[in-house]
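Subject: Model handover

Hi,

Here is the structure you are picking up. Please open it first, then read the notes below it.

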Amino acid sequence: MFDWYPLYNSIRIALFATVIVFFTGIFCACYVVRLPRWLKGLLDVVLTLPLVLPPTVVGYFLLLLLGNRRPLGLFLARCGVKFVMNWPGGVLAAAVVAFPLMYRTARGAFESFDETLAWSGRTLGLSDLYIFWRIQMPACRQGILAGTVLAFARALGEYGATSMLIGYTPGRTATISTTVYQLWRTNDEAGAFRWVLLNLLISAAVLTAVNLLERRERRGRA
Amino acid sequence: MSVQVELHNHFPNFSLDMDFTLERGVLGLLGPSGCGKSMTLRCISGVERPGMGKIILEGRVLLDTRKHICLPPQRRRVGHLFQSYALFPNMTVEQNLLCGIGRKHPQREQKLAALLDQFQLTPLRQLRPAQLSGGQQQRCALARCLGAEPELLLLDEPFSALDAHLRTLLQLQLQEHLTQFRRPSILVTHDRDEAYLLCDQIAVMDRGRVLLLGEKEEVFRHPGSPTAARLTGCKNVVPALSAGPHSVFVPGWGVTLTTAEPVPEGLSHIGVRAHDFLPVSAPGENCIPLSGGRVTEYPFEWNALLDTHGGALLHWKVSKTHLEGQTRPQVPAFLHISPEKLLLLTE
């Protein structure tokens, strides 16, 4: 019987991570765009860091923060939340690594948004909330969609930080990428190849879906 | 009905100091680009907040920095037609207009139908802004502004995004809409023809302040200062000295000219509009002797830069219809200027 657990776990982790990153990325992008220049530069460095750091380093920092003997880790354990060696830890690791992709693409989209549209909406009496959801978000839809897909793809393929934080336990924390490594390491080449093939299929499907969406969008506007 | 505006905004190399009151009709802010016209509008509609200022519309205080009052744009009831029209690209014409009317308006459907009809947008109601021509976009943006029933309408260079050949017709259409609006409007432009056509009063602006405000005919007839004269399109502005109660000496042209109006105290320049000269062959009163020059051809007029005895150039324009039969006007021996047409300017 083929063990499908890594596929289920990977998709579950990637979906949860994408949802988290979607809202936090948009929120941070919105917030940073309005800041004064120097603060913007500083925050930009901090928020983009996980993109350039080796994922194992990110994992190291997460362990440093949430480890079983750290104050925050102890506190969370007492509340019944366990990240280390547990699948929610994979969500956290994937979210941190994928966050900069969402944040940066969303910020680019917000920066190219024509502020005059927002101001004209205000002079017409529209509320700021309405302007954000009905005018700014649709205008930035392309960038936000692209950011979401990139973040999902990155979360799905996350290896380094995930393996540091949740390791590899078959049927508990195994994901596609950790399974590929584990099977290869134990000389199960055929098994590793099957997962590689599956991974390729998923990635191709995601990219095709994005292309189709973009084409429909273009036709709808013309 | 009235609008009272007082704004002060200081920057390292620019400062805005506006102070004017508008009772009714259309006020034109005329001035070169970068003189603070658009910033004035942005302060009035609440897009920008000036360092200091006070704006009162129909007795309502929109802004009073001394009392820390600054209404958000949503509560000002000031319509702002942006230079780019700022139509929402993801919405149809109809949805754009509904944003102006307001989603909670009790008679929104009737109002929408009336607006679509008034601005000839009914056949375009389902289109998006990108599918409209420049003129249609302008109509849509204006309809959207008026749908919000503003108490004051601000128009920022409404024709700058349009091709020249469309402007004349659209200017006449806008004139009609402004007349129907019956509430005060402020129009920003750098085009004096546009200002003259659409406005009742004109404020000539330069470097952040109003040089002159008055009825448009009066502003063009008596610009008062050399800068205002140039901004209203006067091509000849030359230094002059008082030479009697009705006489001025123009050293640059080497002549003494008689004026119809009494020469004001502190006269520094005179102005003559390029179209106001008449060519004559013999000397006489108010005739300026010429010693050659260059004539260039435009589609409908001749444009001449002529040398005078005083050394300063003189700019003369003559319509081709005035010179029928002549292929190219000769440089006349003299140009005559009637005393009524002389603009007397003080710095």
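Start with Ala95(A). Setting aside its neighbours within four places in sequence, Ala95(A) is in contact with Ala17(A), Ile20(A) and Val21(A). Contact here puts two C-beta atoms, placed from the backbone, within 7 Å.

Some ground rules. This is a predicted model, where local features need pLDDT of at least 70, side-chain atom pairs count only at pLDDT 80 or more, and totals for chains, interfaces and linings use all residues. Residues are numbered from 1 along each chain as its sequence is written, while chains are lettered from A and ligands numbered from 1 in the order in which they are written.

**The core**

Ala95(A) belongs to the largest nonpolar core, which has 133 residues. Ala17(A), Ala94(A), Ala95(A), Ala98(A) and Val204(B) touch the most other members. Helix H5 (residues 87-111) of chain A gives the most to this core, with 15 residues. The core lies between domain 1 (3-221) and domain 2 (234-346) of chain B, because both give residues to it. Those bounds come from an automatic or database domain assignment.

On terms: a nonpolar core is a set of buried Ala, Val, Leu, Ile, Met, Phe, Trp, Tyr and Cys residues joined through C-beta atoms within 7 Å. Buried means 20 or more other C-beta atoms within 10 Å of the residue's own, again placed from the backbone. Helices (H or I, at least four residues) and strands (E, at least two) are DSSP runs, numbered from the N terminus.

**Where the chains meet**

Chain A puts 14 residues into the contact and chain B puts in 20. On the chain A side, H6 and H7 are the elements that give two or more residues. H6(A) gives the most, with 7 residues. By class, the chain A side has 7 nonpolar, 5 polar and 2 charged residues.

Gly125(A) follows H6(A), with a positive phi near 95°.

**Strands in chain B**

E1(B) (residues 3-11) pairs antiparallel with E2(B) (residues 14-22) over 9 bridges. Pairing needs at least two DSSP bridges. The two form a hairpin with 2 residues between them. E1(B) also runs antiparallel to E4(B) (residues 52-57), joined by 6 bridges. Val3(B) stands opposite Leu22(B) in E2(B) and opposite Leu57(B) in E4(B).

Best wishes

Terms used. A residue is buried if 20 or more other C-beta atoms lie within 10 Å of its own, exposed if 12 or fewer, and partly exposed in between; C-beta atoms are placed from the backbone. Ala, Val, Leu, Ile, Met, Phe, Trp, Tyr, Cys and Pro count as nonpolar, Asp, Glu, Lys and Arg as charged, and the others, Gly among them, as polar.
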